[in-house]
Amino acid sequence: MSMDILLQNIANSITLGSLYALIAIGYTMVYGIIRLINFAHADLLMVAAYIAFYGILIFTLPWWVAFLIAIALTALLGISIEKVAYKPLRSSPRITVLISAIGVSFLLENLGIVAIGARPKPFPRPEELVWNIHLGDISFLSLTIIIPIVTFILLAAIIFLVKKTKIGIAMRAVSKDVETAGLMAVDANRVISTTFAVGSSLAAIGGILWSMQYPQVDPLMGVFPGLKCFIAAVLGGIGSIPGAMLGGFVLGFLEIMLVAFFPHISGYRDAFAFVILILILLFRPGGILGENVVEKV
Amino acid sequence: MDEQLRTKFILNIVFLLAVALLIYWGQHNLNNFEIRILNLAAIFAILGVSLNLVLGFTGMFSLGHAGFMCVGAYTTAILTMSPGSKAIIYFMEPIHPVLANIQWPLLPAILLGGITAAVFGFVIGFPALRLRDDYLAIATLGFSEIIRIIVTNTITITNGALGLKNIPSIKSLWIYWLAAILTILVIKRILNSSWGYAFRAIRDNEIAAEAMGINIFKHKLLSFTIGAFFAGLAGALMAHLITSVDPTMFRFLFTFQILLIVVLGGMGSISGSVVAALIVTIGMEVLRIVEQPMDLFGVVEIPGLPGMRMVIFSILLLLVILFYRQGLMGTREFNWDWLLNKLDRLKDRMRGEAA
Amino acid sequence: MNKPILQTDNISMQFGGLTAVSELSIQVLPGEIVGLIGPNGAGKTTVFNMITGVYTPTLGKIYYQGNEITGLKPDRITSLGVARTFQNIRLFESMSVLENVMISKHVRLNASLAEAVLGLPRYTNNRKAQKEECIELLKRVELEDVINEPAVSLPYGKQRRLEIVRALATNPQLLLLDEPAAGMNPNESIELMQFIRRIRDEFHITVLMIEHHMEVVMGICERIYVLDYGLTLAQGNPEQIQNNEKVIEAYLGVVELDA
């Protein structure tokens, strides 16, 4: 493999890893607080991408306005999903809530199909954000730089939010122990809503960046990235925000490199993430950064 | 007591005869399209009942049913297609020489479909069943996807993404419903046996079940493997009903439909799953109209809405899980005791009124 | 001198950084009723969980009838003859009283699943015999009038008793009772004491129990171990324990203040 192809692959894996990391944080935050795999999280990517798509194409909004609206509406949707479909089941068995999450996910996907059809549509890339950069012999898209930068800024912001702000500390308290946090006058409902808002906004940003990088939107576009980002969250250590970031980058890197070095098995690319998931669940269920402690009965 | 047993035995016979008569009638009076839908319902009944064994009775949240169906469907398809069709269909890459000239009769091929799926279930269950709840769900979903991806990539065996066509067709209501009734009977007998109670014990309280000497892992694996067997059987039947298979058929959507049947019928009720399988399959067909353009009195034309059926079914699932969690039957079963009791009470009341 | 039926050899259990039990050594002789007492958080239930295989001790060894059982799975340990009840009652909530007890017999069934599905005589006879055995057992403990009731519909005291019967149905030689008198009034406690003594005598078993009710512990236990924050504070017969200054200071004194 020549040097520029290797560089190209490294750049690709950083881009993909950034996207995975952004989306994985939403999974890990929600899981950390209400112990639920939020299946609908994957579909929020799609919703955000479509809102941005229609904002630009139909309402001819400036791209940044369309993006902001998409992020806001997606956050709102995330909060409403929790209120309608998860909150009433908070004291039910975990299986029940999970079924509800699967139901919401299917509802969103099929509403997408009903509203805009199953056929993929090209996503309008704003010229201000997407251009070609030439560096000696290699040329690459501006997104290769923009996506990691946006990601790193957001990751820093999230870490600040969780570590330093009042609501972040409340989040950590609720994720440790809902009841005790309640006794300490933490309003669990508000914390949960905030978590969903933050997670969903990140999913929205992830979805918009995703559809610029791979410029196409369709109602099922969130499914595979969603599953993989959940895997990334587990890989890093579910419930841990730095873990989700690490897991996202590791998974993105492994996936790109697998295809780069073993092109003949590239057909198995999507299976690869699941193999990682199963291995990690079996041998290090706490993930890379998680603690593996004896489960108290 | 003995007399009651005899009554129940006779009632069972009468019930089966009535079902047989109904199938006979259907076979001769329904059109091909209607028969096909009822056959599909029989397949969904098998799927629902087998997922209920795993999810409703043993408490394991498996989302891998579509994968097991895929294994069953491909097994029987490859074994029963004629060498001639195989030569034509595998045009990207020729079929593996070992498989090229095999042509089995239908029954053993379908059974082997179930058995192969059971082997997959056993092998997958071995690592996966060390996990619980949501982790088990996502791991089984992962395995199911891995199966699909393997099928897409092993072109000399499965013909890859192009799928298989010209699978020998089975049209008779008898075959599908016989399979469904046998499945229901076998699973009912398992559930009423000591093993069935061991499964329930694990679902109710794993720690207590273990303290009563039950080997949790062995029993979970047993239940999971049985579930995989029947899912494979259903997949095999599906291959002969549709006569073509391809990897995209066995996406998560399929598992979703089975999950809907189990939840709607009641997690923990076999009769509920059967009723729900009929409702969902027939509902799926009836609701086809909402996806087709409609002409209202020749004045307004409503365009078709593809995807609308799944929207309706997703909402149905959410409504059941949020507001009516026990589903149609909860954990109750249709049984003669209940019916006989009602009749007795009715008789008593009539006697009371006469006096 | 009798050989101990149960012996723990300096067992310790740690969860993350927390030490729940530290170097506990106990011996239980066949036929004894031994008490394990200590304030909340003393690690008593953790000891039970280690003996029954729910946890593997971080350090130390456990011997049952002279054989090491450290790290065996709970179902293996049950089949060797150790049965238990739970502090928070764990009945099978979807099942009747009889069905709850019959679960204990499942592993002793001498037939295959295929025989069960086909209804072959080896299974049906075996199962029928087990059913009669369980009904007999329920009669002996005066629960025969509720055998077909849902287990969770029983009053609290009877649920506790059912848990004990369910454990007895595994044919144990050693029975571990985790706070059997919890939530009982004095009358019920006295009844329970008689019941425990009776099953010990009738079933020829050994009993190790965790209990907070001092009247119960002092009333039936022949020997007592006192735990405090993972450490063994004292051991001896009820009289010795009641007069042990460390125990009075750490534990009994508090109870007397409460009373």
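In this predicted model, strand 10 (residues 223–228) of chain C is joined by 5 bridges to strand 11 of chain C, and these two strands run antiparallel. Within this pair, C:V226 stands opposite C:A234 of strand 11 of chain C. The two strands make up a hairpin with 2 residues between them, and in this hairpin C:Y229 takes a positive phi near 45°.

Elsewhere in the order, strand 4 (residues 33–37) of chain C is joined to strand 9 (residues 206–210) of chain C by 4 bridges, and here the two strands run parallel. One residue of this pairing that can be followed in the structure is C:G35, whose bridge partner in strand 9 of chain C is C:M209.

At the level of domains, the assignment for chain C gives domain 1, made of 6–81 + 172–258, and domain 2, which covers 91–157. The centres of domain 1 of chain C and domain 2 of chain C, taken over C-alpha atoms, are separated by 29 Å.

Turning to chain A, its secondary structure comes to 11 helices and 4 strands. The radius of gyration of chain A is 19 Å, close to the 19 Å that the globule rule gives for 297 residues, which means that this chain is as compact as a globular protein of that length. Taken along the principal axes, the C-alpha atoms of chain A fill a box of roughly 60 × 45 × 35 Å. Of the 297 residues in chain A, 49% count as buried, and among the contacts in this chain with a separation of 6 or more, 75% are accounted for by residues 24 or more positions apart.

The mean pLDDT of chain A is 89, and 97% of its residues reach 70 or more. Within chain A, confidence is highest in helix 3 (residues 63–86), at a mean of 96, and lowest in helix 7 (residues 178–183), at a mean of 75.

Key. Residues are numbered from 1 along each chain as its sequence is written. Chains are lettered from A and ligands numbered from 1 in the order in which they are written. This is a predicted model: local features need pLDDT of at least 70, side-chain atom pairs count only at pLDDT 80 or more; totals for chains, interfaces and linings use all residues. pLDDT is the predictor's confidence in each residue, from 0 to 100. Two strands pair if DSSP finds at least two bridges between them. Domain bounds come from an automatic or database domain assignment. The radius of gyration is taken over C-alpha atoms; the globule rule is 2.2 Å times the number of residues to the power 0.38. A residue is buried if 20 or more other C-beta atoms lie within 10 Å of its own, exposed if 12 or fewer, and partly exposed in between; C-beta atoms are placed from the backbone. Two residues are in contact if their C-beta atoms, placed from the backbone, lie within 7 Å.
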